[in-house]
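Student: I would like to go through this model feature by feature. Please give the general idea first, then the case at hand.

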Amino acid sequence: NFSVRGSTYRKYALLLMAKAFGIATVVHFHGNFAAGGVGRRALITHCFRSMTRQATRTIVLGEYYRAAFMDVLGVPAAKLEVLANSVQDFFGEQTLPKPRQPKVNLLFIGALGLHKGIDVLVDALAQLALRTREWNCTIAGHGDRSAYAARIADAQCGDLVHFKGWQ
């Protein structure tokens, strides 16, 4: 389980020791990966790239990181495992709240980008709007919101979704 700062050095050292003893390794990436920073020759960049290539398997969060690890870091597809969003559909086939009940308030706080899964949220909100309008969602974060706001507008649920920048 590693991210992109000091965690990388510690985990890389452990990976090298495990490999020296012939032990299979699995690393799980959970940080923010900036493809532009990978081209630098810094030691951390070398460790990061080497760790992802040398691990028996690397677990990444979503298809966004899968593509980035293959295209930018050169990790073979066969070594990558995608961990999908682990939030289960808690409604399932249950009836959604009735209009007399208070609206459900949803909140997303984070960077507006594929690496944070905002595209998945926006698509889910569009589907939810087809089933019920007894909810509101506030999306707070930095980044280009135009494509996501357009998707919300296309789904005719712009009155339910409110984009807020960092304030």
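Student: What percentage of the 167 residues of the chain count as buried?

Tutor: Buried means under 20% relative accessible area, exposed over 50%, and partly exposed in between (1.4 Å probe, protein chains only). Of the 167 residues, 33% count as buried. This is a predicted model: local features need pLDDT of at least 70, side-chain atom pairs count only at pLDDT 80 or more, and totals for chains, interfaces and linings use all residues. Residues are numbered from 1 along each chain as its sequence is written, and side-chain values use heavy atoms, with hydrogens and water left out.

Student: What pLDDT does the chain average?

Tutor: pLDDT is the predictor's confidence in each residue, from 0 to 100. The chain averages 81, and 77% of the residues score at least 70.

Student: How many helices and strands are there in the chain?

Tutor: Helices (H or I, at least four residues) and strands (E, at least two) are DSSP runs, numbered from the N terminus. The chain has five helices and six strands, in the sequence pattern α-β-α-β-α-β-β-α-β-α-β.

Student: Which residues of helix 3 are buried?

Tutor: An α-helix has 3.6 residues a turn, so residues three or four places apart point the same way. In helix 3 (residues 62-71), the buried residues are Tyr 65, Ala 68 and Phe 69. They lie on the same side of helix 3 because they cover an arc of only 95 degrees around the axis, taken from the directions from the helix axis to the C-beta atoms. Glu 63 and Asp 71, on the other side of helix 3, are exposed.

Student: What covers the buried residues of helix 3?

Tutor: Contact means heavy atoms within 4.5 Å. The cover includes helix 2 (43-54), strand 2 (57-61) and strand 3 (80-83).

Student: Which residues of strand 2 form its covered face?

Tutor: In a regular strand the side chains alternate between the two faces of the sheet. In strand 2, Thr 58 and Val 60 form the covered face, while Arg 57, Ile 59 and Leu 61 form the uncovered one.

Student: How many bridges join strand 2 to strand 3?

Tutor: Two strands pair if DSSP finds at least two bridges between them. Strands 2 and 3 run parallel and are joined by four bridges; Thr 58 has Leu 80 in strand 3 as its bridge partner. The chain passes from strand 2 through helix 3 to strand 3 in a right-handed β-α-β crossover (with the strands pointing away from the viewer, the path from the first strand over the helix to the second runs clockwise).
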